[in-house]
Amino acid sequence: MITLHNGGVYLLNGTTIIDEGHQAAAAIQAETGQSITKEEAAKNTIAYGILKAHNTSGTMDKLKLKFDKLTSHDITFVGIIQTARASGLEKFPVPYVLTNCHNSLCAVGGTINEDDHMFGLSCAKKYGGVYVPPHQAVIHQYAREMLAGGGKMILGSDSHTRYGALGTMAMGEGGPELVKQLLGKTYDINMPGVVAVYLTGKPQKGVGPQDVALAIIGEVFANGYVNNKAMEFVGPGVSALSADFRIGIDVMTTETTCLSSIWQTDEVIREFYRVHGRPEDYKELNPGQVAYYDGMIEVDLGKIKPMIAMPFHPSNTYTIEELNANLLDILDDCEKKAQVSLDGAVEFSLKDKVRDGKLYVDQGIIAGCAGGGFENISAAADILEGASIGSDVFTLSIYPASMPIYMELMKTGAAETLMETGAILKTAFCGPCFGAGDTPGNNGFSIRHSTRNFPNREGSKLQSGQIASVALMDARSIAATAANKGYLTAATDMDVYYTNPKYHFDSRIYANRVFDSKGVADPSQEIKFGPNIKDWPAMSALPENMVLKVVSEIHDPVTTTDELIPSGETSSYRSNPLGLAEFTLSRKDPAYVGRAKEIQKAQKAVEAGQCPMDAVEELKPVMAAVNAAFPEKKFGEEKKAGLIGFGSTIFAVKPGDGSAREQAASCQKVLGGWANIANEYATKRYRSNLINWGMLPFLVPEGELPFANGDYLFIPDIRKAVEGKKTQIPAYVVKDGALKEFTLGMGELTEDERTIILKGCLINYYKG
């Protein structure tokens, strides 16, 4: 079904695979009649060509990228624009689309989300952007329909910014990276590795894009095979897939932790652009005659079976056939894994969902950028033709990804077919993907064609004793399950005639409703601020020396951004930095906020010219020990500003998987966080978020930690270490009146990143 190659691979003429080795050169010569080095062949990938076209650095080792377009939604664009405004924004230098698909509900969590929407509209007018009103389209569907273009690059403040199937290299990053683009700066990364995804065969009837995506994720997530690399989809199997099918696989590449994705293009994609009224945006993309890849994932599409990703991660995958055959054993294993993810905070069970030997599901949802496409929903309608979802617990909700898709489903009759079954059709909204819609009852089990199934993605609250869980599946098998009134069923087990209706895109909805400035700014436009939209608090520059208190210690194998700052009801506070910060780690470590605020009092005292030990009593023995070991520092005697800083840090084994949300870092910063300490960082984007908020991305080797939660750490001359480009920094655990030395790693920092940390955050960096 799926094979991973060990080491590099050459792809010849798009069809012949040669593993890197001592005989590779001879095989290439025999096949193509040419001699080529690995370095030359690496330039023949599609990804290399697009990155080169957007690089401004003059060297392909250290990329400085400028993107063609930007896009954000209403959980992220307020903070991004506020940061850019504080840094000198005058107009949007490239097309910037502000969609409203996350905080679409009028009032959640005590704030009025429409205030954020009106902020966005006024900013689109003032700075020359595009504003897509609520319920019109989810961010990524609008980008596919209206923004993508062959050979282009798009940067979005949502982790599922992936338009590779349409020939566009797109990346999801934290808001500060978009701020840099808005201010004319660049996106700086080392040249990523490129891994080929070589497709052969044709999917079985009833197998959908989510099945293929989950099969790939299950093979590559845990081993980091594509971590921070570009995935390039090639091979004869590509032509067997429709545009919607390719899009459905592509959007899920985020869950592999890759950096970006790109596909070879053909007449199918040309037709996509023609249907959407943009034929000029098509570009044929293929690897060169001899292309070198840093790895290869071979996927035989014909052997993919309907898949399910059980709670609580998209990589926790099984075939539905395997699950049904070993039901109790797999459910028992999932329950045990869940207790690790949930820290045993609540009772959690799945085995009680078994009825007469079958798994009964409480809820089905087909939604958003992954599931809400025309083809997925049309296939679901074909499966459910003449059926009933029943009048028991099971419910089915369907969210078309855009109003043009919704309208076409009405024209083809698919909408009517689905509603007749008892299913509910709703407007374009990302809520089911991040926990702001369709929350099941306590211990409910939901199957969803959406992007993630982390703990709490369905909206449950551990601190309130409520837990529900999500499994990811393809729309076709969700529909098959609905046709069986909630009993888990693979779509391949049903004899269905798929109508495969042709899609017709009607742009009049957007023409009549979307505000498009055409890139013309109106400086006279006043920005509309709601009472929940707050400015960022002032942030200090990096001090010369630092005292950190460890205020949370997390030993899960991976810590998601959802656990660092929960999604769902917190969304309403994304425009209020201090208000949102109150939720930091609330579902993982509820005591975190109080601990962080307590040590933050010392930093506030320093900034006010007062004694930090008077503000935080427990610092007195800590500073006595530090001064005894470093008498030359004279802490407490000199009142020099910036001499010493006080703040908090957390330790997590591998933090930052999941969402691109910058608030996972910024919330720690506004509570006085100066650093994270980790064995490794799950994603490049989370590490970048830390840096952009002036936080130090420290590393320690795996194994026994030299400190524990509640310990104080002293890091002398930290500012000099950053200025001096040190990658190994001496630090001390302060305990029982003594200091014990250990080493903190830093990892590579660009010159800009180093300066941002020294200044204290990106806002300070741009202020000068």
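The largest cavity in this predicted model holds about 250 Å³ of space. A cavity here is a set of points on a 1 Å grid over the protein atoms alone where a 1.4 Å probe fits but cannot get out, and lining residues have an atom within 4 Å of a point. Grid points are joined across faces, edges and corners, and a volume is the space filled by probe spheres set on the points. Of the 26 residues that line the largest cavity, His-73, His-102, Asp-158, Phe-434 and Arg-457 are the closest to its centre. Helices α6, α13 and α17 (431–434) each give two or more residues to this lining, and α13 has the largest share, with three. (Helices are DSSP runs of H or I with at least four residues, strands are runs of E with at least two, and both are numbered from the N terminus.) By class, the lining divides into 10 nonpolar, 11 polar and five charged residues; Ala, Val, Leu, Ile, Met, Phe, Trp, Tyr, Cys and Pro count as nonpolar, Asp, Glu, Lys and Arg as charged, and the others, Gly among them, as polar.

A word on how to read the model: residues are numbered from 1 along each chain as its sequence is written, and side-chain values use heavy atoms, with hydrogens and water left out. Because this is a predicted model, local features need pLDDT of at least 70 and side-chain atom pairs count only at pLDDT 80 or more, while totals for chains, interfaces and linings use all residues.

In the whole structure, a search finds six cavities of 30 Å³ or more.

Now for the pockets, which are open sets with protein on both sides within 12 Å along at least five of seven lines.

Let us turn to charged pairs. The structure has 34 salt bridges, each a side-chain nitrogen of Lys or Arg within 4 Å of a carboxyl oxygen of Asp or Glu. One of them joins Lys-205 and Asp-495 (3.9 Å, N to O). Lys-205 sits in the loop between β13 (194–200) and α8 (209–220) and Asp-495 in the loop between α18 (475–483) and α19 (508–513), so this pair ties together parts that are 290 residues apart in sequence. Both residues are exposed, where exposed means over 50% relative accessible area, buried under 20% and partly exposed in between (1.4 Å probe, protein chains only).

Lys-337 and Asp-333 meet at 3.5 Å, N to O, and both lie in helix α12 (residues 327–341), four residues apart, about one turn of the helix. Arg-476 pairs with Asp-474, their closest N and O atoms being 2.7 Å apart. Arg-476 is buried at 6% relative accessibility, and Asp-474 is buried at 0%. Finally, Asp-332, Glu-335, Lys-336 and Lys-351 are linked in a network of salt bridges.
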